[in-house]
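This report looks at one strand with its partners, and then at one helix. Have the model open as you read.

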Amino acid sequence: MSNHKKYKFAIAGAGFSGAVLARELVTNLPCEVVIFEERNHIGGNCHTSRDKESGVMVHRYGPHIFNTNIEEVWDYIHQFCKMGTYIHQVKANTSKGIFSLPINLNTINEIYNKRLTPEEAKEFILQEIDSTIEDPKNFEEVALISVGKLIYETLIRDYSTKQWGCHPKELPAEVVKRLPVRFNYNNNYHKSKFVGIPENGYTNIIENILNHPNITVKLNCIASRNLTEEFDHLFYCGPIDKFYNYKFGQLGYRTVFWKEFIHNGDYQGISQMNYTEMNPEYTRIIEHKHFTPWENHEKSFCSIEYSKETTKDDIPYYPKRLKEDLVKFNNYKGHAIEVESKISFLGRLATYRYLDMDKTIFEAIQFSKEFIASLGSNKRPIFPNQDL
Ligand SMILES: Cc1cc2nc3c(=O)[nH]c(=O)nc-3n(C[C@H](O)[C@H](O)[C@H](O)COP(=O)(O)OP(=O)(O)OC[C@H]3O[C@@H](n4cnc5c(N)ncnc54)[C@H](O)[C@@H]3O)c2cc1C
């Protein structure tokens, strides 16, 4: 590729990865970008739209709260939206009562029916945890040395079983060494420096990012490697195992699905209520109108969320990243690096990671810089730097 021509790039996927990359490319390079999106809307899994009956802004693929410690990303997103003030709080609904999450002094006092101070609660939890486990071998043991039996059994064991489709004993300990417990009354779910919900929803942000004369979006179009014949480069933000026709096997994901209903009034008084016991079988209920406390809606739109194993026909949501999955992914990655020169892989599905929106945006900006810098040579970056 010469540095004087006007490039033509194709991108698969109109989520945050594809949209931010497209915008960075057209801003910093003489080029045209065509985005191919297989769904009938932009926004990827962050897609939001208003429900006609209630007027509520609905997070169509699960609740999304924007939170970040990366100031550059917070500034970036503000070019394209106004962020509303929002503090995410979650409750656990159990047969023993309703408890606060994430686990904090409220939770401890509620569950044990006590009035402990922070210092007393620290002492108390030390006595509750299982001190016979020195080196936790699975997620159950991590929980038992962090919060003790009662909190583990009430809030973690069954919820995790429903979410991941297996008992915490079967989940690796490597994910976290200890579960965090707050010894204060802070119910704020996020610890990030910047938190908010876009006033006009996420799809509106993506629309604004894509609003550039050199960007075209084609909906209902599945992108494949054939595009490299017509375009100088293809950036693929879809599932990498599907791209290679599952030649090294299918990567493990959990998928989620929802049963939706309209309620007259306020259904649960909070945006997220987790159900942390085996009964009922759903994991949580999302009441979308609480994500926009600056709006007033008489009616309410709620989603009951269920979790299940992903088949080839389901939307992949949460990467399981078990040992065998990581072996498969490394096969795909190694193969791509070996054979591809006109295709790069970006985003949560192509790199098989759980990525929050802020990391997704940051990575797309960084990757565009790396790609543009590579135009002076004949070697393109195939994957982003995956240290995030
Ligand atoms: C339930 C849930 C809740 C979440 N909550 C939060 C949250 O609170 N805060 C947060 O920061 N992050 C959250 N996230 C993460 C967030 O969804 C991701 O960071 C973000 O969606 C990643 O964007 P992406 O563009 O990489 O992927 P996606 O949004 O998945 O976009 C990929 C797009 O590519 C399209 N596509 C795939 N293959 C092809 C193809 N061959 N041709 C054309 N198009 C194709 C898909 O249709 C899709 O639109 C959550 C994720 C989930 C699953």
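## Strand S11 and its partners

Strand S1 (residues 7-12) and S11 run parallel, joined by four bridges. Strands are DSSP runs of E of at least two residues, numbered from the N terminus, as are helices (H or I, at least four residues). Two strands pair if DSSP finds at least two bridges between them. Within this pair, Phe9 stands opposite His233. S11 also runs parallel to strand S17 (residues 343-345), with three bridges between them. Here Leu234 stands opposite Ile343.

This is a predicted model: local features need pLDDT of at least 70, side-chain atom pairs count only at pLDDT 80 or more, and totals for chains, interfaces and linings use all residues. Residues are numbered from 1 along each chain as its sequence is written, and side-chain values use heavy atoms, with hydrogens and water left out.

## Two covered faces

In a regular strand the side chains alternate between the two faces of the sheet. S11 (residues 233-236) is covered on both faces. His233 and Phe235 are buried on one side, Leu234 and Tyr236 on the other. Buried means under 20% relative accessible area, exposed over 50%, and partly exposed in between (1.4 Å probe, protein chains only).

## Helix H10

Helix H10 (residues 323-339) has 17 residues, which should span 24 Å at 1.5 Å a residue; its end C-alpha atoms are 25 Å apart, which agrees. The expected span is 1.5 Å times one less than the number of residues.

Asp325, Phe329, Tyr332, His335 and Ala336 are buried in H10. They lie on the same side of H10 because they cover an arc of only 125 degrees around the axis, taken from the directions from the helix axis to the C-beta atoms. Lys323, Val327 and Glu338 are exposed on the other side. The cover over the buried residues includes helix H9 (240-243) and S17, where contact means heavy atoms within 4.5 Å.
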